[in-house]
Amino acid sequence: TSAADVDPVKLRNFIRNKVGGHHAMGTCKMGLANDPMAVVDQHGAVYGLKNLYIADMSVTPVGVQWPNGVAYVIGEK
């Protein structure tokens, strides 16, 4: 199937009815180095990889209603 074969009305309806926004949070656990589930340390540095940091909402342990401010602070730190 190519892009030319896609019905724009069906695509728009699919997106409107099936695709939603979400805020992925808590997918990269922050924790101690001896925690097998921890992905990053308290500075956002990824365990086992040099010079790679995660600075987004995936390091938050709980969801928040309006994540923008929290995301800004994580990115700044």
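Begin in the loop between helix 1 and helix 2 (68–76): select aspartate 41, which sits there. Helices here are DSSP runs (H or I, at least four residues), and strands are E runs of at least two, numbered from the N terminus.

A word on the ground rules. This is a predicted model, in which local features need pLDDT of at least 70 and side-chain atom pairs count only at pLDDT 80 or more, while totals for chains, interfaces and linings use all residues. Residues are numbered from 1 along each chain as its sequence is written, and side-chain values use heavy atoms, with hydrogens and water left out.

**Aspartate 41.** Is this residue buried or exposed? Aspartate 41 is buried, yet has no salt bridge. Buried means under 20% relative accessible area, exposed means over 50%, and partly exposed lies in between (1.4 Å probe, protein chains only). A salt bridge needs a side-chain nitrogen of Lys or Arg within 4 Å of a carboxyl oxygen of Asp or Glu. The nearest side chain of opposite charge is lysine 50, 14 Å away. Lys and Arg count as positive, Asp and Glu as negative; His and the chain ends are not counted. Now show the neighbors: aspartate 41 touches Met30, Gly31 and Tyr47, leaving aside residues up to four places away in sequence. Contact means heavy atoms within 4.5 Å.

**Lysine 29 and aspartate 35.** Select both side chains. They meet in a salt bridge, 2.6 Å from N to O. The count comes to 1 salt bridge by this rule. Lysine 29 is partly exposed because its relative accessibility is 40%.

**Serine 58.** Where next? Serine 58 is also placed in the loop between helix 1 and helix 2. Its C-alpha atom is 7.5 Å from that of lysine 29, although the two are 29 residues apart along the chain. Serine 58 counts as buried because its relative accessibility is 6%. Its contacts, beyond four places in sequence, are Ala24, Met25, Gly26, Thr27 and Cys28.

**The core.** Select Met25, Cys28, Val40, Val46, Ile54, Met57, Val59 and Ile74. These 8 residues make up the largest nonpolar core. Such a core is a set of buried Ala, Val, Leu, Ile, Met, Phe, Trp, Tyr and Cys residues joined through side-chain atoms within 4.5 Å. Zoom in on valine 40: its contacts outside four places in sequence include Cys28, Val46, Ile54 and Val59.

**Asparagine 51.** Stay in the loop between helix 1 and helix 2, where asparagine 51 lies. Its phi is near 60°, a positive value in a residue other than glycine. Asparagine 51 counts as exposed because its relative accessibility is 67%.

**Glutamate 76.** Jump to helix 2, which holds glutamate 76. Glutamate 76 is exposed, with a relative accessible area of 67%. Its C-alpha atom and that of valine 64, 12 residues apart along the chain, are separated by 18 Å.

**Phenylalanine 14.** End in helix 1 (residues 8–18), at phenylalanine 14. This residue counts as partly exposed because its relative accessibility is 48%.
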